[in-house]
Amino acid sequence: MENNSLSWKIGGEAGYGIMTTGFIFAKACSRAGLHVFDHAEYPSLIRGGHNTYQVRAEVEEVFSHVKHVDLLVALNKETIDRHKEELAPGGGIIYDGGKTPLSEEGLGREDVKLNSIPLLRLAEESGGRRIMINSVALGASVAFINFDFEMLSSVIRDVYRGKAKETIEFNIKAARLGYNYVKSKGMEEDFGRRLPKVGGKKRMLLTGNEATGLGAIKAGCKFYVAYPMTPASSILHLMAAQERNFSLVVKHPEDEIASINMAIGAGFAGVRAMTATSGGGFSLMTEALGLAAMTETPVVIVVCQRPGPSTGLATRTEQGDLKFVLHASHGDFPRFVIAPGDVEDCFYKTIEAFNLAERYQCPVILILDKFLSESHKTAEKFDVSGVKTDRGLLFSDEELERIEEFKRYEFTETGISPRAIPSQRGGIFTATGNEHDETGYLSEDKTVRTKMMDKRFRKFEQAEREIPEPKLFGPKEVEVTIIGWGSTKGPIREAMKLLDRDGIKANFLQIIYISPFPKNTVSEIFETSKRIVIVENNKTAQLASLIKEKTGKEIEHKILKYDGRQFFPTDIYQRVKEVL
C-alpha cells in the first residue's frame with residue numbers, strides 16, 4: 001500500500017464537465033495539505049473532442065506532471081482506448097460497464113483493475129441530470145483513495161458557489177452515491193493508493209496565468225487590455241473579475257493591434273499597463289512594439305506561446321516564439337525578455353517586469369507557454385514584504401519648474417532620460433514614431449540619429465549589470481548540467497530527482513532573463529561543467545542558438561520536443577542517461 005502519492009486522470013467528451021471535475025479533485029487534494037500539480041489537454045474545437053485533466057498529488061513538493069496514471073476515470077470508451085497504456089501496473093479504471101462493456105482481454109492488460117460503476121444510473125438516482133456522471137465518478141474516485149468525503153463536498157460547494165443551491169446539492173448527492181457504491185462493494189480494497197489528509201500550512205493552487213495576473217495587480221497595474229487568445233485568455237478573465245476590487249480598468253478591444261496601442265497610450269500617460277496574447281496576436285502587435293521603443297514608453301507584454309505557425313495547434317504547448325520575441329518589429333532597439341518557469345516566477349517576475357519597464361523606459365516581454373499558463377501548482381503564500389515599486393526617473397512638478405527647457409529624450413550618461421507625464425506643468429514635449437532630437441522633434445540629422453541610437457542602447461549596458469544572474473539548482477560539482485528556460489523547469493527538476501536515485505549528480509541552470517543575456521554566467525558554466533545538455537520544447541533549439549550567438553559555445557547535446565506536448569520528467573531522465 002502506497003500512501004500520499006497519486007496520479008489521477010479523468011477523460012471524456014467535451015461537455016461532460018471534465019475541467020471542472022478535475023479542478024475540484026485537484027483543489028480537494030490541495031486542501032488536504034498535499035502538493036498538487038495538474039494539467040489539462042483539450043482540442044481546439046468549439047464543441048466536442050476528447051478532453052482530459054490529470055492531477056498529481058503527493059506529500060512531498062511536486063514540480064510537474066508524470067507520465068503514468070494510477071487511477072483513470074473514463075467517461076467514455078475513447079478515454080480507455082487513448083490512455084490505457086499510461087496506466088501504471090496495479091492501477092485502476094473507473095468506467096460505466098453498462099455503457100462501455102470491458103474485459104481484461106479486450107483491454108489487453110492483466111495488471112490493471114477494472115472497476116465498473118453504474119455512473120449514469122447513479123447520476124439519475126441523485127435527482128440531477130445525466131451530465132452529473134462526472135460528480136458520481138468524482139465521489140467514486142475519492143472512495144478508492146480513502147479520501148475525506150466531507151472535504152470533497154466542501155470544495156464542490158466552493159467551486160459551484162454562485163450556482164443554484166439545488167444544483168450544488170444534486171452534485172454533492174451524486175458524488176455521495178458514487179462514494180457509497182465503491183465502499184459498499186469494497187472495491188477500493190484492491191487499489192494500492194491512499195490519500196489521507198496531511199493538514200498543516202494552507203497553500204494556494206493557481207496557474208501561471210493567475211500568478212501573472214496577481215503579480216500585475218501587486219505591481220500596481222491599473223490598465224489591462226487584451227483580446228482573448230488561448231492560452232493567454234485566463235489573464236483577462238482574472239483581471240476582469242478583480243476590476244472593482246483593485247480599481248483596475250480592464251478593456252477587451254477589437255483586436256491585438258488596439259490592445260498594445262491602448263497599453264502604450266496608458267503607459268505614456270503614466271499608468272502601469274499590461275497586455276497579453278499568444279504568438280499570432282503578438283504578430284499583430286509588433287509594429288506598435290517599435291513605437292513603444294522609439295517613444296521610450298514603458299509597457300509590459302505577456303506572450304503565452306502555443307505551437308505555430310499560423311493557427312498551428314491552438315490549445316497545445318511549445319516554446320517556439322523565443323527568437324520571435326527577441327527580434328520582433330523592425331529596427332534595432334532594446335527590449336527585456338523574461339521567461340518565468342513556474343507560478344512563483346510568474347508572480348515575482350511580473351512585478352519586476354513593471355519596474356524594469358519604467359526604470360529603463362522600454363518594452364518588457366514576459367514569455368510563458370500553454371503548459372505554464374494553464375497548469376495548476378500548489379504554492380506557498382507569496383511573500384510581498386520585499387516588493388518595491390520603482391517608477392524610474394519621473395520628474396516632479398517642482399523639478400520641472402526649475403528646468404529651463406524640458407528635454408524628454410535628453411542625452412544622459414546612462415541613456416535613461418527623466419520622464420514627465422501629460423498634464424505636468426513644464427513637462428510638455430513632442431512624441432513621435434519618427435527619429436527625433438532630445439526635445440522629441442523629428443530629426444533626420446545623421447549625428448542626432450547616431451547619438452539617439454547609442455542613448456537607447458546605453459540603457460541596456462546598465463541593465464546587463466543589474467539584472468539577476470541565472471539560477472543554478474543543485475550542487476556545482478556534477479556529472480551533467482542541464483540548461484533550460486520557461487516551463488521546462490518543472491520536468492527538469494523532477495528528472496534531477498530520478499537521476500539522483502540512480503546516483504547521477506546533475507544541476508540545472510535556469511535562464512530567466514533572456515534579454516539582456518547573461519553571457520558571463522553562461523560562459524562560466526561551459527568552463528566548469530563536464531557535460532552540458534539543453535532542454536527545449538521546440539524544433540530548432542532556439543536558446544542553444546542564442547547561447548552560441550552570445551558566447552560562441554556550441555551545445556552538443558540537445559533534448560528537444562515539438563509535438564505540441566510538454567516534457568515528461570522521464571523523457572529528460574532517459575535522454576540524459578543516454579548522453580552519459
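# Loops, sheet and pocket of a predicted model

Ser329 sits in the loop that links helix H12 (322-327) to strand E14 (336-338). Helices (H or I, at least four residues) and strands (E, at least two) are DSSP runs, numbered from the N terminus. The model is predicted: local features need pLDDT of at least 70, side-chain atom pairs count only at pLDDT 80 or more, and totals for chains, interfaces and linings use all residues. Residues are numbered from 1 along each chain as its sequence is written, and side-chain values use heavy atoms, with hydrogens and water left out.

## Backbone in the loops

Ser329 is not a glycine, yet its phi is positive, near 80 degrees. With a relative accessibility of 15%, Ser329 counts as buried (buried is under 20% relative accessible area, exposed over 50%, partly exposed in between, with a 1.4 Å probe and protein chains only). Asn146, also not a glycine, has a positive phi of about 55 degrees. Asn146 belongs to the loop between helix H5 (133-144) and helix H6 (149-159), and at 44% relative accessibility this residue is partly exposed.

Two cis peptide bonds can be described as well. One runs from Thr230 to Pro231, with omega near 0 degrees; Pro231 is in the loop between strand E10 (223-225) and H9. Another joins Ser515 to Pro516, with omega about 0 degrees, and Pro516 is in the loop between E20 and helix H18 (519-528).

## The seven-stranded sheet

An open sheet of 7 strands has mixed pairing and the order E11-E10-E12-E13-E15-E14-E20. Strand E11 (249-251) and strand E20 (513-515) are the edges; each has a single partner strand, so one side of each lacks a neighbour in the sheet. Two strands pair if DSSP finds at least two bridges between them. On average, neighbouring strands of this sheet are turned by 20 degrees against each other, direction ignored (axes are lines fitted to C-alpha atoms, for helices over the stretch in contact, and angles run from 0 to 180 degrees between N-to-C directions).

Within the sheet, strand E13 (residues 299-305) pairs with strand E15 (residues 363-369) in the parallel sense over 7 bridges. Val302 stands opposite Leu366 in E15.

## Cysteines

The structure holds 0 disulfides, a disulfide being a pair of cysteine sulfur atoms within 2.5 Å. For Cys221 the closest cysteine sulfur is too far for a bond, and Cys346 is in no disulfide. Both residues count as buried.

| Cysteine | Nearest cysteine sulfur | Relative accessibility |
|---|---|---|
| Cys221 | Cys304, 14 Å | Cys221, 1% |
| Cys346 | Cys304, 8.5 Å | Cys346, 0% |

## The largest pocket

The largest pocket has a volume of about 960 Å³. On a 1 Å grid over the protein atoms alone, a pocket is an open set of points where a 1.4 Å probe fits, with protein on both sides within 12 Å along at least five of seven lines; lining residues have an atom within 4 Å of a point. Grid points are joined across faces, edges and corners, and the volume is the space filled by probe spheres set on them.

Of the 33 lining residues, Phe23, Leu205, Leu206, Glu210 and His376 are the closest to the centre of the pocket. Elements that give two or more residues to the lining are helix H1 (18-31), strand E3 (35-41), strand E9 (204-207), helix H8 (208-219), helix H9 (233-241) and helix H14 (370-374). H1 gives the largest share, 6 residues. By class the lining has 13 nonpolar, 12 polar and 8 charged residues (Ala, Val, Leu, Ile, Met, Phe, Trp, Tyr, Cys and Pro count as nonpolar, Asp, Glu, Lys and Arg as charged, and the others, Gly among them, as polar).
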